[in-house]
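Hi there,

Here is the structure I promised to pass on to you. Please have it open while you read, and I will walk you through what I found.

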Amino acid sequence: MGIFDKLKNSKREIDNKINEVEILSKKNCETAITYAKSFDKEFDYSKNSIDDLEEILDYYSKDMAESQPTENQIWSMAVIFGSYLGEVMLKNGLSEKGYVWGKDSASDIPLLIKGDGNYVTPNDKAYKRLVNGDVDSIISFYDFVMKE
């Protein structure tokens, strides 16, 4: 096997990882949509649904003191709602700017990444919103990222 074959195979592995992240993100979005329905909210991938997402995350953030979820449970919720946040951002302009789902090679965390190395971390933001409360607003994060 020559060097060009190795490079081709390397590219294929990267593409497969990206596809895996996209598939997982879409599954997480379906779960987020189901959760939203239990709050009588409709997640439709619009900018308006970010307000509903903020409201749901606010509920869970305030409930954490009483329910005392484990770190894994908090992270699972962050990935579900962060995936939805990321998909909304992609559908409302970030994909046109070159962002796609990828993974941080150091931590294996799904994120939105652009070819020039810029990245956005919606899952991390959802986690911070759950843990830190309204000081880490999803709405202001969305507005800031989408202006760039």
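Strands S1 and S2 form a hairpin with six residues between them, and Asp108 in that turn has a positive phi of about 65 degrees. Strands here (E, at least two residues) and helices (H or I, at least four) are DSSP runs, numbered from the N terminus.

Before we go further, this is a predicted model, where local features need pLDDT of at least 70 and side-chain atom pairs count only at pLDDT 80 or more, while totals for chains, interfaces and linings use all residues. Residues are numbered from 1 along each chain as its sequence is written, and side-chain values use heavy atoms, with hydrogens and water left out.

Two strands count as paired if DSSP finds at least two bridges between them. Gly102 has Leu111 in S2 as its bridge partner, and Trp101 stands opposite Leu112 in S2.

S2 is also joined to S3 by two bridges, again antiparallel, with Ile113 opposite Tyr119 in S3. The hairpin of S2 and S3 has five residues between the strands, and Gly117 takes a positive phi near 100 degrees there. Together, the three strands make an open sheet in the order S1-S2-S3. S1 (100–103) and S3 (119–120) stand at the edges with a single partner strand each, so one side of each has no neighbour in the sheet.

Now look at helix H4 (residues 122–132). Which of its residues are buried? They are Pro122, Asn123, Lys125, Ala126, Arg129 and Leu130; buried means under 20% relative accessible area, exposed over 50%, and partly exposed in between (1.4 Å probe, protein chains only). Seen down the axis of H4, these residues fall within an arc of 165 degrees, so they line one face of the helix. The arc is taken from the directions from the helix axis to the C-beta atoms. Among the elements covering them are helix H2 (49–67), helix H3 (71–94) and helix H5 (138–147). Just after H4, Gly133 has a positive phi of about 85 degrees.

Asp63 sits in helix H2 and is partly exposed, at 25% relative accessible area.

Finally, a word on confidence: pLDDT is the predictor's confidence in each residue, from 0 to 100. The chain has a mean of 87, and 88% of its residues reach 70 or more. Over residues 1–16, however, pLDDT stays under 50. Where pLDDT is low, the predicted coordinates should not be read in detail.

Enjoy exploring!

Note on methods: Contact means heavy atoms within 4.5 Å.
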